[in-house]
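Work through the exercises below with the sequence and the model side by side. Try each task before reading its solution.

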Amino acid sequence: MARLLVTGGAGFIGVNFVHHWLAAHPGQRVVVLDALTYAGNLKSLEPVRGRPELRFEHGNICDTERVAALLREERLDTIVHFAAESHVDRSIHGPDAFVETNVVGTHALLKAARTVWIKEQGTAAHRFHHVSTDEVYGSLEADDPAFHERTPYAPSSPYSASKAASDHLVRAYHCTFGLNVTTSNCSNNYGPYHFPEKLIPLMIVNILEGRALPVYGDGRNVRDWLHVTDHCRGIELILARGSPGEVYNIGGGQECANIDLVRTLCGIVDQRLAADGGLRERFPACPAARGERCESLITFVADRPGHDRRYAIDCGKIERALGYRARLALDAGLRQTFDWYVSNEPWWRTVLDGSYQSWIQTHYSPVATPASGVARTTGPS
Ligand code: NAD
Ligand code: DAU
């Protein structure tokens with residue numbers, strides 16, 4: 001029976017992991033530690049609110065003492081580390097937060113884990129799983145082979161450079177201090193609870209609202225898309241059977257150029273609204289509500305500086321070693337994701353319009369402010 005600390009468990013992938021874990025492992029303790037930045041939303045934890053296994057702690061991973069206290073108090077033996085600043089465009093406009101959370105924060109967590117699990121408890125029965133990205137490997141040309149676990153690191157953005165630094169620290173804590181670590185480097189995720197600043201949810205929301213669909217550069221940059229539940233299953237397998245010190249790439253083998261992806265989404269919305277008068281009434285600004293094609297919203301805009309051309313993941317290692325297989329094909333996953341956003345309109349309207357902060361105030365009352373300056377809370381009122 002594992003007892004988990006899930007950092008960043010109110011963000012996109014973290015919250016999907018918490019939902020998945022609680023469904024698959026009922027009765028196992030899960031403590032979520034999240035600073036609730038703009039990207040973290042307690043509303044995403046609503047479906048599991050009230051589960052006795054779940055505890056939410058509002059706090060910062062940079063607070064080593066707080067993390068160490070949680071590990072002791074809850075007798076946690078596993079950390080699944082999702083917390084990060086995750087958006088490449090934001091890292092271009094303001095890199096500092098990326099270094100602070102992704103590098104300093106990861107190091108603070110590693111220090112807490114080493115203190116409690118190795119120095120105090122002297123136990124090998126622990127695991128620090130670090131959730132990282134394929135972006136650490138840099139950019140591929142059209143004919144290059146996919147990234148594998150021994151591809152040299154060549155990060156292009158402050159985001160990917162900060163994730164690369166954190167990967168190295170995790171490895172160093174294994175080699176130097178004997179911390180039982182595993183790392184996964186995953187490709188682009190999509191699915192429910194994805195903040196609408198990333199490509200797929202941004203496009204879905206803009207199509208429904210009849211707003212321009214900004215495609216960077218020539219739109220031919222390629223990403224390797226993976227449904228978030230397949231990523232969560234990969235992490236679950238690594239926790240169960242992964243070897244200490246090992247790195248596993250996780251991907252979907254579903255490469256797609258951005259412009260093709262956006263056109264596919266437009267086609268899905270055209271079809272869905274053509275078949276459903278209720279949707280046409282709910283989203284009157286969507287071109288498909290007037291029988292027009294959503295592709296008319298596509299607008300090519302200036303390219304992202306340092307924009308990686310192509311990502312592709314070779315996930316042969318996790319397939320061979322752990323029996324991993326991605327299950328959800330991209331087209332089916334996009335349809336499911338579109339339907340989720342249509343069914344969860346209050347979620348995306350709330351996280352976008354800023355009323356989320358006032359929602360937090362009414363549901364969570366600050367009870368203390370530790371040295372790090374991040375308010376802690378007891379949980380939903
Ligand atoms: P996200 O931005 O949606 O969520 C990040 C979460 O971390 C939020 O809940 C936020 O409040 C929390 N957080 C941020 N700073 C914190 C801090 N200092 N202390 C505590 N909590 C903090 O990110 P995501 O897309 O869910 O990504 C999760 C992890 O997976 C990241 O490490 C990211 O690098 C990695 N990853 C993401 C993708 C992807 O496609 N989204 C792919 C591969 C790897
Ligand atoms: O590869 C894994 C990474 O995938 C994760 O580590 C990151 O956390 C995650 O944000 C994602 O990074 P990308 O930069 O690939 O994702 P994003 O959704 O920002 O962009 C996907 C592609 O779409 C990229 O080529 C840029 C392009 N794009 C993005 C936006 C937001 C556009 O053309 N227009 C847009 O408005």
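**Exercise 1.** How far does a backbone N or O atom of leucine 36 lie from an oxygen atom of ligand 1?

*Solution.* The model is predicted.
- Step 1. Take the backbone of leucine 36: one of its N or O atoms lies 3.4 Å from a ligand 1 oxygen.
- Step 2. Apply the cut-off. A polar contact is a pair of N or O atoms within 3.5 Å, so leucine 36, at 3.4 Å, makes one with ligand 1.
- Step 3. Go on to phenylalanine 82. Here, too, the backbone supplies the N or O atom, at 3.0 Å from an oxygen of ligand 1.
- Step 4. Turn to a side chain. Aspartate 34 places a side-chain N or O atom 2.5 Å from a ligand 1 oxygen.
- Step 5. Ligand 1 has 28 residues around it, and the closest are Ile13, Asp34, Ser86, Tyr159 and Lys163.

**Exercise 2.** Which residues come nearest to ligand 2?

*Solution.* 
- Step 1. Ligand 2 has 23 residues around it; Thr133, Asp134, Tyr159, Arg304 and His307 come nearest.
- Step 2. Inspect histidine 307. A polar atom of its side chain is 2.6 Å from an oxygen atom of ligand 2.
- Step 3. A polar backbone atom of serine 86 is 2.7 Å from a ligand 2 oxygen. For proline 214, a polar backbone atom is 2.8 Å from a ligand 2 nitrogen.

**Exercise 3.** At what angle do helices α11 and α12 pack?

*Solution.* 
- Step 1. Helix α12 spans residues 345-353. Its axis is 5 Å from that of α11, and the angle is about 75°.
- Step 2. Classify the angle: α11 is therefore roughly perpendicular to α12.
- Step 3. List the contact. Trp340, Tyr341, Val342 and Ser343 of α11 meet Glu345, Trp347 and Trp348 of α12.
- Step 4. Sort by class: 5 nonpolar, 1 polar and 1 charged.

**Exercise 4.** How do α8 and α11 cross, and which residues make the contact?

*Solution.* 
- Step 1. Helix α8 covers residues 258-275 and helix α11 residues 330-343. Their axes come within 10 Å and cross at roughly 55°.
- Step 2. The angle therefore makes α8 oblique to α11.
- Step 3. The crossing is right-handed.
- Step 4. From α8, the contact uses Leu261, Thr264, Leu265, Ile268, Val269, Gln271, Arg272 and Leu273. From α11, Leu330, Asp331, Leu334, Arg335, Phe338 and Asp339 take part.
- Step 5. The classes are 8 nonpolar, 2 polar and 4 charged residues.

**Exercise 5.** Is the crossing of α1 and α7 left-handed or right-handed?

*Solution.* 
- Step 1. Locate the pair: α1 is residues 12-24, α7 residues 228-241.
- Step 2. The axes are 9 Å apart, at an angle of about 60°.
- Step 3. α1 passes α7 in a right-handed crossing.
- Step 4. Residues in contact include Phe12, Ile13 and Trp21 of α1, and Val228, Ile235 and Leu239 of α7.
- Step 5. By class, this contact has 9 nonpolar, 3 polar and 2 charged residues.

Technical notes: Residues numbered from 1 in each chain as written. Chains lettered and ligands numbered in written order. Predicted model: local features only at pLDDT ≥ 70, side-chain atom pairs only at ≥ 80, totals over all residues. Heavy atoms only, no water. Axes fitted to C-alpha atoms, helices over the stretch in contact; angles between N-to-C directions. Helix = DSSP H or I, 4+ residues; strand = E, 2+ residues; numbered from the N terminus. Parallel < 35°, antiparallel > 145°, perpendicular 65-115°, else oblique. Left-handed = near helix turned anticlockwise from the far one by under 90°. Contact = heavy atoms within 4.5 Å. Nonpolar A, V, L, I, M, F, W, Y, C, P; charged D, E, K, R; others polar. Near = heavy atom within 4 Å. Polar contact = N/O pair within 3.5 Å; in protein donor to acceptor, adjacent residues only side chain to side chain.
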